[in-house]
Amino acid sequence: MRYRLLLLTILLCGTALCSLGNKHYTVSNALISNTVYNVYCDSRGYMWFATDKGASRFDGKNFKNYTLLDGITDNSVLNFFEDKQKRLWLLTYNGSSCYIKNDTVFNASNTPSLKKIPGRSFIRVMCDGPDSSVYISYNQGSIIHVGKDTINVLQTSPNSYVSALMYVKPNLIVYGDNGILIYHHDTVISKYTAPGHHTTFIYGDKVLTTSPEGIQFKHGNRIVYRCNNDTLSYNNVIRLYADKENNIFCCTHTGLYFIDHKTKEKSCILSDIPTTGIYQDVYDNYWVSTLNDGVFYFNKEFNNIHLLKQMDNDYITNSGNDQYFLAGREHLFKMNENGLDEIQIPIYKLKYRPICSTPELFLYSAPNCYIYNKSTGRNIILPTAYPKTCIAYSRDTFFCYSNNIISRLTVNSRQVEDTMLIVSDAPRNNYKGKILGTQYDSLNHNLYVLTTDKLYKHELPTFKQYTLDSFSILNTPIRIFSFNEKIIILTNTNHIIVYDKTTSSKRCDMVIADHAILDLFDIKDNQAITYTNDGYYLLTVNINAPWKNTFTKVEYPFNESDITSMYPIGRNIYCNVNGSLYFFEKKLINKKISKPFFYIDGITVNNTKSTDKNHLLIQNSTNSNIHLSLSSLYYNNAHIRYKYRITSEKHAGQWLLSNSEDFNITLPDYGHYTIELKAVTENNNTSSSKYISVQWDPPFYLTTWFKILAAILIIDIMIYALYRYNRKRRKQHESELKHLQLENKAINSLLNPHFIFNAINNIQNLVNQHASDDANDYLAMLSRLIRQNIENLQYSLIPLDKELNLIHNYIHLQNLRFGGKIKLEVFNAIEDDTVYIPPLLIHTFVENAVVHGFNAQLTNFTIAITITKLPGDYMSIIITDNGIGLQNAASRESVSEKSSLGIDMTRKRVERLSLFYKVDYDLQVSDRKTTGAEGTEVRIKIFSKFRELLNNKA
C-alpha cells in the first residue's frame, strides 16, 4: 500500500498479456510475490527481485528469499544497489539500512557501523563515493555520506526529491526533480534549475531523463536520443533503462515500450501491464518486473523472436511433405514460412486431422478421408483408406501412400480419380517391402520412396521407378528425410545414410552413438535439428569427412528442457515453448551460446566451514576431506555439470566429473595443491576456471623437523645404550683379563718351582760326582736362567725372541750336565718383533723333551723347533725330539705324572687366553712311532697378534 502511493497511484491493473517473454515467473512457480518493484543483476550474475514481501534472489532455477525473519529491516524492498565492496544494499521503505554479503544479512543489530545511519522513509537511490564510502538519498531530498567511521549530512533543497546520484571524482552530482546540484567535498558548488519536474535514471555513464516534454538519453556528453511523446511522458514513465547496445526500454503504467537505437522506432512489448523495472543478466537477456504480474524473461534476440499464440488445446500435424497445420476447435492455420495462414473451412468444430492442402483443395480425415474444394465449398469422400502421408503434387493432384501402394488422386469438381501405383511386389500382408515414408523433390519432380528393404526414386508424372539402394535385415531403415540437396535415411541401428539428390549416389554412412533419433528436420546446407530420446540436438553433417560431424544439444535461443516441439519450415522455425508458439529464424539456433557462470557458495574442511573460499589451510590433521558447494546460473543452460582436478608440483591430476553441485575432494598427500574447477554444459561448453589454493600441513609428529629430532633422540639413546653396554663389557673384560693374568701367574709360579727342582737335582748329581767346576758353571748359568725366567713371568705375554733365548740358555745349561749330548735346532720363519706368546709356552715342552725323552745312552739326541706363519694371523709351533718317546716314558709313573702336569698347565693357559680373545687354538702331543720315527712331537696352533688384542682391550 505504501509503495503504491509512491508510484502516484499507478495501480492500473493490467488486462491482457501480449508478450514476447520466453518465461513468466509468478507466485505459482515460487516467486515470493507478484508485486515486484524492481529487478537487479549483481556482480555475480544473480537476479534480484524487490517485492512487497521481501527480496528474492534467482539463479535461473532456484529462488532464495530474504525477509524480516532473515534479518532484512523491511519487507518492502524498493530497489538494490551494489557498492565497490560487493555489498548489496537493500533500499527499503522504512529507510533502515541493511546489506547482504556472502549470503549473510548485515543490519544495525549485528553491524555497529549501521547503527549510526539514520532510518528515514524511504531510501530512493544510492551511489559509490570516494574510497569505500557510499551516498544514500532519502525521500524529500535528504542525502547522507557514509564513510568508514564518519557520517555527514548534505544540505539539499527543501520540498524536492532526488531521483539519481552520480559520483565523478571529486564531485557528487545530484539529479533532483527540478534541477541538478554539484557537491565538492560534500559542499554545494553549483546549482542548475530546470522547468517542470524531471526524473533521472543512471546506469554507469548513461543518463536517461523523463520530463513532461518526453525523454532524453545521454551517453557521456553525447545525446543519443530525445523525443516528445505523451505515451512516454513524465506522468506515465515509471523507469527508463538503456541496454548495452543503447536501446531504450520504457517501463510505464500502460506497459513496456522499446525504442530501437538504430531506427528510433518505438514498439510495445508488454501491453496493459504496469512495468516497474528492467535489467539485463550476465547473458544480456532481459528481466522485467511488473506491479501485479510477477517477472517476465525476454531473450536478448526478442526482436527476432515472435510470439504467435498460446497453444491452449491446439495441436500441430505434419503431412509428411513438410506441410504443418495448427488445428484447434476454433481456428485452423497452415504454418507457412512467414507465419500462419488461416484456412476457412466449415469443419473446424469437428474432430478432424488436417493432412494436406493446395490453393484449391484441402485433404483431411474426420475420421474418413475427405477432400474439401475451397472454390465450390463441397466435400468429396475418398474411396481409399486413410493415407499415412499425402503429397500435394499440383493444384488438383495428390500422391498418398499406404502399405506398399502409392495412390495418385486427381480431383475434379465432383469426383476423385484414384490411380494405384505398386511400389514393390511384396504381398500386402507381408511387412517386407512396405512403404515407410516418402519425400518429394519439387525442383526435379522426383518422388523418393523408402520401403523396409529398398530406396526408390520415381520420376513424376510418369512414375518411372529406379532402385537407389537396398538394405539388410540387420540395418533396417525406419525414416526418410529430405535435407536440402540430400536424402537422409535413418536405420534401426542409428545409422544416418546420406544420398545426393543430383547424382542419386550414397555420400556417407555414419553412426550417431548413445542417442535414438526419432525425427530430423533440415535447417540449412549441412545442419539439421534431430529429435532424440534425450531432447533436441543440432546435427552438423560433413559428407566429405564424416568423422567431423558434430552433435550438440540445442541451448539457444530457448533452453532445450523448455521446448515441447520444433517445426522447421523454410528458413524459419516454429517452436512450442511451455505452451506458447514462437516463430524465429533458423539461424538463431545455438547462435549465441554463452559460457556458463558458476560460483563457490561454501567450503567445508573436515566438517569445519571455511570463511576463505580462495585459500585453505589444513593443520594438525591426518584427514583432508574438502566439501564443495557450487552454484551456477541457469538462464541459458538447461543442465550444467562440474569438473575438477587437483594439481601440485609433483602431482598432475586428471579431470574428474561431478553431476552434483555438492561433492567431496580428498587430497593424495600432505603438501601444497591447487584445485581447479569448471562448469560444463551438455555441449562441453566450458566456463572459465576458478582456483582454490590448499596448504595441507602434516601434524607436528609427522613433520620433517620432528622426524629429525626423533631420529637424533633415538640415535642418542642407542649411542648411550651402546656406551653403557660397552662400558659394562669393558669392565667385564678387564675383570676377566685380571683373573686370567692372576691365573697365568699362578700357573707360571707352579712351572717355575718344577724347573728349579729339576735344575737342583742336576747340580746335586754334579756335586755327587765331584765335578765341582761343572757344578759351579751350572750354578752360574742357572742363576742367569732363573733371573731371566723371573723377568719373563712378570708379563702375561712375552716376545717370541725372549722365549727362544730362554730355551737356548736352558739347553746350554743341560749340556753342561750331559756333556753336550743335546742338540737344539731352531727354524723360525717369522721375523716379526710384534709376535708375542705366553711365557714358557715352548720352554715347557723343550724341558719335557730333555727330562722325559732324553737318555744318557743316546749320543745324537736332537730337539727341533719349527715356527711358521699360518693364514689369518695364526702361527704353527712344532717341537720334535728323537728321544725314547711317550710310550717308554709312560712306563715310569712318576715321569708320566710330571709330564702330564706341565702339558695340562700349558694347555689351560692357551685355552684361557684364546677364549678371552675369541680366537682359535690347537695343542697336540703325539708319539712319533705312529709315523715310523723315534721320539715325541708337539704341535701348537696359536694366534700371533695377542699383543694387538691386548692393547685394544685396554
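Me: In which loop does T358 lie?
Reply: This is a predicted model, in which local features need pLDDT of at least 70 and side-chain atom pairs count only at pLDDT 80 or more, while totals for chains, interfaces and linings use all residues. Residues are numbered from 1 along each chain as its sequence is written, and side-chain values use heavy atoms, with hydrogens and water left out. Strands are DSSP runs of E with at least two residues, numbered from the N terminus. On that numbering, T358 lies in the loop between β34 (353-357) and β35 (361-365).

Me: Is T358 buried or exposed?
Reply: Buried means under 20% relative accessible area, exposed over 50%, and partly exposed in between, with a 1.4 Å probe and protein chains only. The relative accessible area of T358 is 5%, so T358 is buried.

Me: What kind of aromatic pair do W287 and Y635 form?
Reply: Rings of Phe, Tyr and Trp (its six-membered ring) pair if their centres lie within 6.5 Å, and planes under 30 degrees apart count as stacked, over 60 as edge-to-face and the rest as tilted. The centres of W287 and Y635 are 5.3 Å apart and their planes stand at 65 degrees, so the pair is edge-to-face.

Me: How many residues apart are W287 and Y635?
Reply: W287 belongs to strand β27 (residues 286-290), whereas Y635 lies in the loop between β60 (625-632) and β61 (640-647).

Technical notes
Helices (H or I, at least four residues) and strands (E, at least two) are DSSP runs, numbered from the N terminus.
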